[in-house]
Amino acid sequence: MDRSGLFRTVVAAFLAVGLIGAGAASAADTPKKGGLLRVGNLGEPPALDAHWTTASITETLTNHIYEGLYSLDEANRPIPMLAESHTVSRDGLTYTFKLRQGIKFHNGKEMTSEDVVASLTRWGKQSVYGRILFAKVADFRAVDPYTVEMKLKERVGIVLISLAVPNNFGAIYPKEIAERFPPQTKITEYIGTGPFKLAEWKPDQYIRMVRFDDYKSRNEKASGYGGGKTAYVDEIRWIPVPDVATRVAQVETGELDFADDLNLDAYERLKGTPNARPIIGTPYYWLVAVLNKKEGLMTNQKLRQAWQAAIDVEPIMKNVAGGKPEFYRMDSSLAFAEVPAWHTTITGLPWNEHNKDKARRLLREAGYTGEPIRFMTTQEYKWMYDFALLTKQQLEDVGFTIDLQVMDWSTLVQRRNNSKAYDAFTTGIGNFFDPTHHVYLTCIWPGWTCDEDILKLQDELAREIDPKKRFALWVRQTRQFYEKVPVIRYGDLFGLRAARTTVKGFNEKTERIRFYNVWLDK
Amino acid sequence: MTEAAVDGAVAGSAEAVSPLTEALRSTWLRRISRNRNVVTGALILLVLVLAALFADVISTHSPTRLFPANRLKPPSAEHYLGTDEFGRDVYSLVVHGSQISLLVGATTMLLTSLGGIVTGLLAGYYRRLDLILMRFMDGLMAFPAILLAIALMAARGPGVWNVIFALSVVYLPRTAMLIRSTVLTIRELDYVQAARALGRGDPAIAFRHILPNCLAPLLVQASFIFAYAILAEAILGFLGVGVPPYVPSWGNVIASGKNVIREAFWVSLFPGLALTLAGLSLNLLGDGLRDTLDPRLRVQ
Amino acid sequence: MTAYLIRRVLALLPVMLVVLTIVFLLIHLIPGDPVSVMLGPDATLAQIQATRQSLGLDRPLYEQLFKFYGRVLRGDLGRSYFLDRPVTVALLERAEPTLVLTACALLVAVMIGVPSGIIAAAYRGSVWDRALMLGALLGVCIPGFWLSLNFIYLFAVRLGWLPAAGYTSFLVEPAAALRYMVLPAVSLGFNQSALIARISRSCMLEVLQQDYIRTARAKGLSQGATICGHAFRNALVPVITVIGITMAILIGGAVVTEIVFNIPGLGRLIVSAIMRRDYPVVQGVVLVTAAAYVLINLTVDLLYAFIDPRIRYD
């Protein structure tokens, strides 16, 4: 396993170099400043407070305004952003971070260690990833204006990656803001250090972000979410366009320069549109049916295994992907191939077996007699409904009885917290950058994976700091996953975006869209 | 659009409030059967009802079985109206969709009529109840109709009976007010006063004298409510809050075709046409009934 | 007249109380939780509990209801959970697009509907009458949302004449605003025009059968003069009613049009608020649209008096 891991890393490195090379060669036209970039997205963010919510739309928007101490490179490894460097004490318990100097907030104030301590302390009380990390932190303080120190209760291997995750991330706010708004209250003053600053937010109409002229870029080349950032466009205008067909139409007619989250059926048409082009967003989600292991039918492991054995993943994925092979990937690894450090290639796992006889046998062993299984899904995310409907048919063909319950998303996210209300629900698993961040392997997330063996491995993964040993543990966890089946893993789904041909320099390789380093050729 | 539908009910009935007098009753059936609108509307409706009753016989494929490999095939000899994004046969979906549409339309019509009669009679008879009931009805009417339907659907979750319930609540006040105003007019008429003087009880008067006279405006109103319920069901489906999306209904098929309207126009085109046709038949019927039953329009 | 007016306005109060109570109970009894939506899919249960508490959603329902009455009486509609601003501000921001759309659609509806109705009535039974009434019938029967989609496809994507969707204020860029408004106003107005056309026609017919019209004709007045001078004015009352009703309905209800054409108005605001359970916004929008609805109805009633002197209020 280790050797193949190394091999993959090397290949990924070559690929990355190749891509950067290719990018440089094709970008014969030089970047230029100016212009208004209009981006259509699917809705309104619940907040522009990165600490406060895990909603992906908030992640996308706030990453243009704020920055954290770390960020992720092309291979989704942590690289410094507002931090200059860090040192770890011999015993692994003290992390000392040097901050970059001369970094200005949008209000003109210089960023110092006080701001970092106040912000990350708030983040550590509210954010999913912050709470995981700060559960292990004994003390976090400013040493001098450009140095902060984090003392840990025990050795953990997740300090840098936790500070680097882009979702629900450790954004640095000015101290005054971080302290004025308690963790449960979302901030309503939006001041960060990012290349764009918030100019105006008119809900359901637009969010305007304008270039921050005092932005101090890192000197490194842009890589992944990190490295050098330049705001070329004068303004990004994020326009919520909830109807997907309208989003596509507006890119075609030029009312939008960029649109995210499109229906995959528009791919062929976008390819034929002279002034726009489709962009495949990798990865998007791996599709998952989360099973309720606290109460009800799905507490029976045999029944969970029967579901896993029954499903034929490829036709489901193909249908969800609009029949287009460009938009799905068959993979059993719990981490995406885009995270080479944690991607596994284990053969012989009971994934995608589509073995009806085995499923029927497991159903018998489970003592299942056709009790309806309550399976919740929503049409607000069309792909969820699609794979749920196809799953229902496949499962009923081997003898399951599925009570498919279609509800709106806000009902689903409430009901899934109630262990009495359901047996399974659909969602998507996005990019996680560390094994300890996979929420479906924890006891505190809907579905309740409280299996002692799974949690024990999670705990070991959190403590271990040697990357090789951690990878070995992760391989064990993956095998264990397919035996205990806490959730059903389907395939990887990719997203469709569209850009006008005038949009240049867009990094197609990141999971979520970013518009620094993007310029308009109009 | 929904709102046009909703409101047509009011406007349509506004012209039909006047009571049908005894003398007319003997001839109204004959007159109705001679009205071209009524005949055309009834014939189209009959075709739809037959399609609904014999859906399993005349459809060529299962409307619920998914065939992922056949997705979005254009119309052909195998699939008369093409296939949808799950490879289901659109023709069979449309045929089966008539069941849901007619069920929702007819049941909503019945429930609003029954509920409207009861509420309207009570309000027309008992002034104290009238005050409370009518404030409540005013309150319901003050809601934008489609929003009330959406909120009720959000409260009760998807399902055919929930759609019927939501639409019945939305349309009930209009029927209730129609009946109430008819009752108020008729109870002052001489023969009703005479019956009362003879010592007939309220229920007897209501059934013997008042209800028969409400029948004509009610019939007109009901045929419009039928049409609007079918349209509203489709709109709820379009917004994703109607009957469960895997149930073949016209609204659901249009909704699923909405996102692929440029790649596969047939998915939304044909259920849209079926919906238009159903609306047409019921509106013709309603118009014809009104023309025949409303004495004010029956000139020349 | 004044006494009548006061009585009518007072009568609105219980109606509004009913509306307030229904909307509050309905939205709060709906399953679904604004907090789970706001905190995103990976939020933990402890996080959700803490935020519910900070919003006061853990209090008993009757307590929340009475607090709500109290706030409304003070003119305070509360603060949106999602939009980070008072509901009144959010409403004001969305009012313009809805009002503009309503006005344009109403204009289209009246401009198509009233002349069609008059012509159809004047030439009753002719080919014109049949064609116009068939058009009006189709206008009622064609599902508006389906028509909008076909419009977008034809005029925006295929022909490229008009933008597919969106909104610009008339105060900022009048020309662009007009281009954005054409398709939504026409597809919404067309549906409404059907109703107006049919009412106009039947009212005109009724008036045309009155004795004084026959007299006018007998006196040798031309068809045009009869129709415009005598008949139309008297057919106006019911036509105004239906226009008023149309307007009341458009204000609250151009929901589907706003969604399909991505117009950031009140309709879209409330649908998204229902979907994400933004209770204060749902309550606020319903309150305002319901108030607009009853006020327009009242205005229509009062307008009668000015148009038709036979109607008197005491």
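A salt bridge is here a side-chain nitrogen of Lys or Arg within 4 Å of a carboxyl oxygen of Asp or Glu. By this criterion, the interface of chain A and chain C in the predicted model contains zero salt bridges. On the side of chain A that touches chain C, at least two residues each are supplied by helix 4 (128-134), helix 7 (244-252) and helix 13 (409-415) of chain A. Helix 13 of chain A accounts for the largest share of this side, with six residues. By residue class, the side of chain A that touches chain C consists of 21 nonpolar, 15 polar and eleven charged residues.

In extent, the contact between these two chains involves 47 residues of chain A and 43 residues of chain C. The area buried between chain A and chain C amounts to about 3700 Å², with carbon and sulfur atoms contributing 52%. Of the area that chain A buries against chain C, 14% comes from Pro203(A), Asp204(A) and Ser410(A), more than from any other three residues.

The interface of chain B and chain C was examined in the same terms. Here 53 residues of chain B meet 56 residues of chain C in contact, and about 4600 Å² is buried, 76% of it on carbon and sulfur atoms. One salt bridge is found across this interface. It joins Asp287(B) to Arg198(C), with 2.1 Å between the closest N and O atoms. Two residue pairs are in polar contact between chain B and chain C, both residues at pLDDT 80 or more. Several helices of chain B give two or more residues to the side that touches chain C, including helix 1 (2-14), helix 10 (202-238) and helix 12 (265-293). Helix 12 of chain B gives the most, with twelve residues. The side of chain B that touches chain C comprises 33 nonpolar, nine polar and eleven charged residues.

Within chain C, helix 6 (residues 127-141) comprises 15 residues and spans 21 Å from its first C-alpha to its last, close to the 21 Å expected at 1.5 Å a residue. The buried residues of helix 6 of chain C are Asp129(C), Met133(C), Ala136(C), Leu137(C), Gly139(C), Val140(C) and Cys141(C). Their cover includes helix 5 (87-122) and helix 8 (174-208) of chain C, as well as helix 10 and helix 12 of chain B.

Note on methods. Residues are numbered from 1 along each chain as its sequence is written. Chains are lettered from A and ligands numbered from 1 in the order in which they are written. This is a predicted model: local features need pLDDT of at least 70, side-chain atom pairs count only at pLDDT 80 or more; totals for chains, interfaces and linings use all residues. Side-chain values use heavy atoms; hydrogens and water are left out. Contact means heavy atoms within 4.5 Å. Buried area is the accessible area (1.4 Å probe) that two parts lose on being put together, summed over both. A polar contact is a pair of N or O atoms within 3.5 Å; within protein, one must be able to donate a hydrogen and the other to accept it, and residues adjacent in sequence count only if both atoms are side-chain atoms. Helices (H or I, at least four residues) and strands (E, at least two) are DSSP runs, numbered from the N terminus. Ala, Val, Leu, Ile, Met, Phe, Trp, Tyr, Cys and Pro count as nonpolar, Asp, Glu, Lys and Arg as charged, and the others, Gly among them, as polar. The expected span of a helix is 1.5 Å times one less than its number of residues. Buried means under 20% relative accessible area, exposed over 50%, partly exposed in between (1.4 Å probe, protein chains only).
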